[in-house]
Amino acid sequence: VYNNSGKFLFKVKSHKLLSQVENENSSFKILENFIPAPAINSFLFSVAYYKKEGEQIKLSGKALYKLNYINNSVKKIRDFPEDDLSLFYVSSKKQIYLSKAEGHNLNILVMTTDGKVKKRNKIQFFTGAGQYIASHVTTTGKILGMFYIDDKIKFYNWF
């Protein structure tokens, strides 16, 4: 991590971070997403827990954690409301966005930093032909989507 002048501040090693996370009775855990949360002076990250059942490995749950980089402490915020969601963004209004893509739709779940679910939205990206490239949430909570359609890159926004 560097400050806005390019000065090195610190680094986070995933294996050390995961050693501070509960095991949740799983065979193993994987760090999925790790994003800065400037509004709460920390980083948020999601952990997926897997269990081995016979010859198969199955997802047994996901949890959201907060790393306070001032005192290097890790705190569990909550289990994911649904295991197929992914950590997407944290807004300047201290709202956490979880998402799940389904075809041309993006399902968004917005919750507070203490884990209370505020709202759920389904965004229909577009109905025509094209390919999804990426999406992002702005600091004000607007969602931007980028698509490749007819040899052009097009941007859409919601909220």
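Two strands are said to pair if DSSP finds at least two bridges between them. Helices (H or I, at least four residues) and strands (E, at least two) are DSSP runs, numbered from the N terminus. The structure described here is a predicted model, in which local features need pLDDT of at least 70 and side-chain atom pairs count only at pLDDT 80 or more, while totals for chains, interfaces and linings use all residues. Residues are numbered from 1 along each chain as its sequence is written, and side-chain values use heavy atoms, with hydrogens and water left out.

Of the 159 residues in the chain, 35% are buried; here buried means under 20% relative accessible area, exposed over 50%, and partly exposed in between (1.4 Å probe, protein chains only).

Four of the strands build an open sheet, arranged 1-2-3-4 with antiparallel pairing. Strand 1 (28-37) and strand 4 (73-79) are the edge strands, each pairing on one side only. On average, neighbouring strands of this sheet are turned by 30 degrees against each other, direction ignored; the axes behind this angle are lines fitted to C-alpha atoms, for helices over the stretch in contact, and angles run from 0 to 180 degrees between N-to-C directions.

The sheet can now be followed strand by strand. Strand 1 is joined to strand 2 (residues 42-53) by eight bridges, and Pro36 has Phe43 in strand 2 as its bridge partner. Between strand 2 and strand 3 (residues 56-68) there are 12 bridges, with Lys51 standing opposite Lys58 in strand 3. Tyr49 also has its place in strand 2, and it counts as buried because its relative accessibility is 2%. The C-alpha atoms of Tyr49 and Leu59 are 5.9 Å apart, although 10 residues separate them along the chain. Strand 3 and strand 4 are joined by six bridges, and Leu64 stands opposite Arg78 in strand 4.

The turns of the chain deserve a look as well. The hairpin of strand 2 and strand 3 has two residues between the strands, and Gly54 takes a positive phi near 70 degrees there. In the hairpin of strand 3 and strand 4, with four residues between the strands, Asn72 has a positive phi near 60 degrees. Most residues other than glycine have a negative phi, and most peptide bonds are trans. Lys94, which is not a glycine, likewise has a positive phi, of about 60 degrees. Lys94 lies in the loop between strand 5 and strand 6 and counts as partly exposed because its relative accessibility is 42%.

Finally, the interior. A nonpolar core is a set of buried Ala, Val, Leu, Ile, Met, Phe, Trp, Tyr and Cys residues joined through side-chain atoms within 4.5 Å. The largest such core has 14 residues, and Leu44, Leu64, Leu87, Val90, Ile96, Leu98 and Met111 have the most contacts inside it. Strand 1, strand 5 (86-90), strand 6 (95-102) and strand 7 (105-112) each supply at least two of its residues. Another core, of 10 residues, lies apart from it and includes Leu18, Val21, Phe43 and Phe45.
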